[in-house]
Amino acid sequence: MDIQGKTVLILGGWGLVGSAVCRRTMEQNPSRMIVTSLLRSEAEEAVEKLRKEFPRVRRGLFIPWWGNIFVRDSLKDKDRAEILNGEKFRTMLIEDMLEDLTDKVLHRSSMYQLLTKYKPEIIVDCVNSATAIAYQDVFQMAREVLIAMNKSRPSGKPDTKLYEATERLICTLYIPQLVRHVQILYQSMNQAGTDIYVKIGTSGTGGMGLNIPYTHSEERPSRVLLSKSAIAGAHTLLLFLIGRTPDAPITKEIKPAAAIAWKKISFGEIKRRGEPIMLVDCPPEKGVPLKEKLEIRCSVSGKNTIWESLGEPLKSVFIDTGENGIFSRGEFEAISTPGQMEYVTPEEIAQDVVYEILSGNTGHDVINALNNAALAPTYRAGFLFNSAIKKMAKLEKEHDVQSVAFEVLGPPRLSKLLYEAHLLELGFNDMKTIMQTDARTISKRLLALVQENQKLRAQIISIGIPILLPDGKTLLRGPEIKIPPFRGINELEISPKHVDLWTHDGWVDLRVSNMQRWKDRFHKIMHNVELIPEGETSSQFLRTREYWKNFTEIDPGKIVGWIFTEEDQGMRMKA
């Protein structure tokens, strides 16, 4: 697609790759560019640099935006440590991560607010999402929980530190955060009208394998580092799914498998996490005798301090690699030497991004590579499909049973729809008869079937699918129900809104309103067939009169497949 005249959003535009993408994209004359970063100072610095580099474009073309795209908008400018240390903030984070994705959760997210405000046609995501999520170190948080639990056991009294440690651990769980981020991203892009999304991903190890020699003092290979790779892979598969969703934007990912360098080479203060490393000294006469215990961290003041501050920062020559930090000449040479990470330049990545947006084929889009490498449905399996269905139907007759649903596969909505269609099949035999019968009569007939047929009734409720009777107030159920799902709270408030939601998701619903819904479905199916021109025998149409056997029967599997495809918009996009 063209970039000219479009609104482009660069997530992580202050970073090394993001800056290169901004410059390269500007060559294609976008109408507006939103440049984001975590900190306000970074976003404004990035925009100021772009304004100097492109002085002839109108000043309002570059727009800075800052904040954390993984949290709700009210938390986007807070430090991660501040969020984890505040009980109220932790509660917000847990709610946003673990609750159902309601409109309320979606609309309060910073990602949604950003996308719906600027409505970018093009998004280039240069945020190192895997690092942002995986480097929260779930392992250390788990250790803190265990320590707090062990401390609370002897006294038998509740320990607030235990609760705090538990909440902090929940807040660092990788997969719920990643899944919620992708859910919000997808829905926000839909509502913003985004046309294309390009992710700059990561392999997590700079292209190296499990033998990677670099750690942060953990075991080798580092579990924290491998967690980053695991999240990076999970993220790619979720983007792969977005790319297979019919109403999603075109989705691509460029995944550099090397170190990325560089931003600048200079001499000056050496900083770690934004703060200068201050020089300290430990004279030989103050050496610590190694006895029973070793302190990992010493106090910074006091008479017994064994080290002394020199009052000046460490200064040296360094190479700035952007988000990966600054390296000495020796460090950079070691990791970039042939056989180690080596490196790729941000300009090369930016070039691939722009080519992919312009519909070029760089060969570096991993989503496309996965599409080409994934094993798709086969002709052989399709050929055998009817044979399998016939064999099962034959066995049903031999054993005088009807194989409807077991609720092993899920979701409960599948079982609910199959049993409702099966009840209609038992009560009326074919679609035509149902179309000639009013909804109230259908409801009464299905109620009679449920009342008279204990075996059928038991099969339904035994798999966790309750039956709501026509009065809308009486529920037939077994010891367990699949909907609503159990999430730690055993009793939920009953309201008309909740009942409608539960019947939709997993209750057999015998109310008149649902019978009318089934009549409407059958009407739509029959109407679609009538639209097929008489005598049409080409491959254009799948669900023909022959497919539905001239409406002389009700096939629950076919009908529910139609509902999932047409009504629930759950159609498979790619073969």
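The accessible surface of the protein chain comes to about 33000 Å², and carbon and sulfur atoms account for 54% of that area. Keep in mind as you look around that this is a predicted model. Here is a short tour, starting with the whole chain and ending at a single residue.

**Overall build**
- You can look for 22 helices and 18 strands in the protein chain.
- Of the 575 residues in the chain, 41% count as buried.
- Take the contacts between residues at least 6 apart in sequence: 73% of them join residues at least 24 apart.

**Charges**
- The protein chain carries 76 positive and 73 negative charges.

**Confidence of the prediction**
- The average pLDDT of the protein chain is 90, and 94% of the residues score at least 70.
- Among the elements, strand E18 (residues 508-509) has the highest mean pLDDT, at 98.
- Helix H8 (residues 138-155) has the lowest mean pLDDT of the elements, at 65.

**A closer look at Glu491**
- To find Glu491, go to the loop between strand E17 (475-476) and helix H20 (496-506).
- Glu491 has a relative accessible area of 70%, and exposed means over 50%, so Glu491 counts as exposed.
- Glu491 and Val57 are 434 residues apart along the chain, and their C-alpha atoms are separated by 61 Å.

Terms used: Residues are numbered from 1 along each chain as its sequence is written. This is a predicted model: local features need pLDDT of at least 70, side-chain atom pairs count only at pLDDT 80 or more; totals for chains, interfaces and linings use all residues. Side-chain values use heavy atoms; hydrogens and water are left out. Helices (H or I, at least four residues) and strands (E, at least two) are DSSP runs, numbered from the N terminus. Buried means under 20% relative accessible area, exposed over 50%, partly exposed in between (1.4 Å probe, protein chains only). Contact means heavy atoms within 4.5 Å. Accessible areas come from the Shrake-Rupley method with a 1.4 Å probe; for residues, only the protein chains shown count as cover. Lys and Arg count as positive and Asp and Glu as negative; His and the chain ends are not counted. The place of a charge is taken as NZ of Lys, CZ of Arg, CG of Asp or CD of Glu. pLDDT is the predictor's confidence in each residue, from 0 to 100.
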